[in-house]
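Work through the exercises below with the sequence and the 3D view open. Try each task before reading its solution.

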Amino acid sequence: MSAHRRSHAPLKNITRLGRRGAGLSAVVACLFAALPAHGADLDYSQTYAVVVGVLRWESDNWSSFSDRNRQDALLFGTLRNNGMPEEQGTLLLDEEATLDRIDSELQRVAASAPSGSTLIFYYAGHGTCVGPGHFCFANYDMSGPEAGL
């Protein structure tokens, strides 16, 4: 099945919003609005996270970023060090951050997050416009607009 025709039933609202520029802003705004004002107030035992950092790509179409002071790994380490259980989070860096792997991990983590918990999706890397008002993240194996997250 092609990347742009996948069924994301459990995540249909997140995925649909995430593919639109205005919707992406809404998702980010909702995420920050849902987070406590202070990290100390966050119940890490009820926090679920998929942290993705793509600083280099399989394709030469994307320029790489320096991995010095990676914030993606720092964020994930902070979540884990403050009590987020290992099975409730995934860190995908560079070549691990393929479309299939991001999709499967986001589906797995979101499905395991109970009502009332906090779900964090963090992405660091390039993004691109794939049509009027439509944007996507550039996963490691992205070869063209139809293959983006």
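**Exercise 1.** Find the residues that Ser64 touches, leaving out those up to four places away in sequence.

*Solution.* This is a predicted model. Start at Ser64 and look for heavy atoms within 4.5 Å. Skip residues up to four places away in sequence. The contacts are Leu55, Arg56 and Trp57.

Next, place Ser64 in the fold. Ser64 sits in the loop between β1 (47–53) and α3 (71–81).

Now look further along the chain. His126 is 62 residues from Ser64 in sequence. In space, their C-alpha atoms are 9.1 Å apart.

**Exercise 2.** Classify the ring pair of Trp57 and Trp62, then that of Trp57 and Phe65.

*Solution.* Ring centres must lie within 6.5 Å to pair. The model has 4 aromatic pairs by this rule. Take Trp57 and Trp62: the centres are 6.2 Å apart and the planes stand at 35 degrees, so this pair is tilted. Take Trp57 and Phe65: the centres are 6.0 Å apart and the planes stand at 65 degrees, which is over 60. That pair is therefore edge-to-face.

Trp57, Trp62 and Phe65 form a cluster linked by ring pairs.

Notes: Residues are numbered from 1 along each chain as its sequence is written. This is a predicted model: local features need pLDDT of at least 70, side-chain atom pairs count only at pLDDT 80 or more; totals for chains, interfaces and linings use all residues. Side-chain values use heavy atoms; hydrogens and water are left out. Helices (H or I, at least four residues) and strands (E, at least two) are DSSP runs, numbered from the N terminus. Rings of Phe, Tyr and Trp (its six-membered ring) pair if their centres lie within 6.5 Å; planes under 30 degrees apart count as stacked, over 60 as edge-to-face and the rest as tilted.
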